[in-house]
Amino acid sequence: MNKVAIVTDSIASIPENFLQSLKIHTVAYYIHRGQEVLRDLVTINREEFFTWMKTATTVPQTASPGPGDYFTLYQKLADEGTKEIVSIHMSSKGSGAYQAARAALPMVKEQLPSLKVEVIDTLSVSMGQGWIALEAARAAMDGKSLKEILQLITRMIPVTKMIQTADTLKYLYMGGRIGKAKHLVGSLLNIKPLIGMENGLIVALGTARSQAKAYQSMGDMIEQSIHNGKIKIAYVHAAAKEEILRLKEEIESRVQVVESMITELSPALGVHSGPGTTGLCYYPVSE
């Protein structure tokens, strides 16, 4: 057993093989689809959900896990002999998961006094959060101390980046995130919005008139941010397997990649961008 257990959320969208091999523990988000209450990647899978999304006329609501959800997992790990946990979450400015995990700490203190839990706000999302959890888990498997793992996370948070483009503005529009007029203009002109995260908030990075142009812009942004350095990168999509391979080809023809993976957004995250979304999460490395 690792000396330090790593906990994160389903929306980190970490590939299943990494969750298993690195012993990363996840807590599922909730999806409210009409009268149904679904658990992200537990009672609904990606393929089923994104197939349904293509015909949806309304966007489901999502909710972060509650303090009890986190405490239940912390308690299970403590019962298995865990003494220290690092609990890693998406930006507190975009979800209540970090706050919910923090709210579980008084329960830990009262009922599990020998357990130490550190709750982390990554100020990121998707595999931005996922990379931090993944590298923390690798450090834990290498026998690193809690202090060393927290130092690693602190270094990663400010340099881990996300860029994403949606195939259509339909889902942003249905979710009430843009006006109807802009939705129609975007559909007619095939505009591909580019978004990222800065200081934990979603920000606009520009637009492109085609998917190919959007991918070129992503490559430009990465080149400018790493200055001919090396990166680890996750290519992330929602029901867009062919498109994500084109993005991978574009990026790796221009940037030195030392580790890459392809993964799919969890349903709870894909709700907000819809099927057809492609993007990437990366951070610079020195080795």
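Start with the second largest pocket: select Ser 10, Thr 26, Val 27, Ala 28 and Val 42, which lie nearest its centre among the 20 residues of the lining. A pocket here is an open set of points on a 1 Å grid over the protein atoms alone, where a 1.4 Å probe fits, with protein on both sides within 12 Å along at least five of seven lines; lining residues have an atom within 4 Å of a point. This is a predicted model, where local features need pLDDT of at least 70 and side-chain atom pairs count only at pLDDT 80 or more, while totals for chains, interfaces and linings use all residues. Residues are numbered from 1 along each chain as its sequence is written, and side-chain values use heavy atoms, with hydrogens and water left out.

The pocket holds about 390 Å³ of space, counted as the space filled by probe spheres set on the points. Now colour helix H1 (16-21), strand S2 (24-27) and helix H3 (67-79): each gives the lining at least two residues. (Helices, H or I with at least four residues, and strands, E with at least two, are DSSP runs numbered from the N terminus.) By type, the lining splits into 9 nonpolar, 5 polar and 6 charged residues; Asp, Glu, Lys and Arg count as charged, Ala, Val, Leu, Ile, Met, Phe, Trp, Tyr, Cys and Pro as nonpolar, and the others, Gly among them, as polar.

Next, the rings. There are 4 aromatic pairs in the structure. Show Phe 49 and Trp 52: the ring centres are 5.7 Å apart and the planes at 40°, so this pair is tilted. (Rings of Phe, Tyr and Trp, the last by its six-membered ring, pair with centres within 6.5 Å; planes under 30 degrees apart are stacked, over 60 edge-to-face, the rest tilted.) Phe 49 is buried at 0% relative accessible area, whereas Trp 52 is partly exposed at 27%.

Last stop: Thr 165, in strand S8 (residues 161-165). Thr 165 is buried, at 4%, and its side chain reaches the backbone oxygen of Pro 193 at 3.0 Å.

Methods: Buried < 20%, exposed > 50% of the residue type's maximum accessible area, 1.4 Å probe, protein only. Polar contact = N/O pair within 3.5 Å; in protein donor to acceptor, adjacent residues only side chain to side chain.
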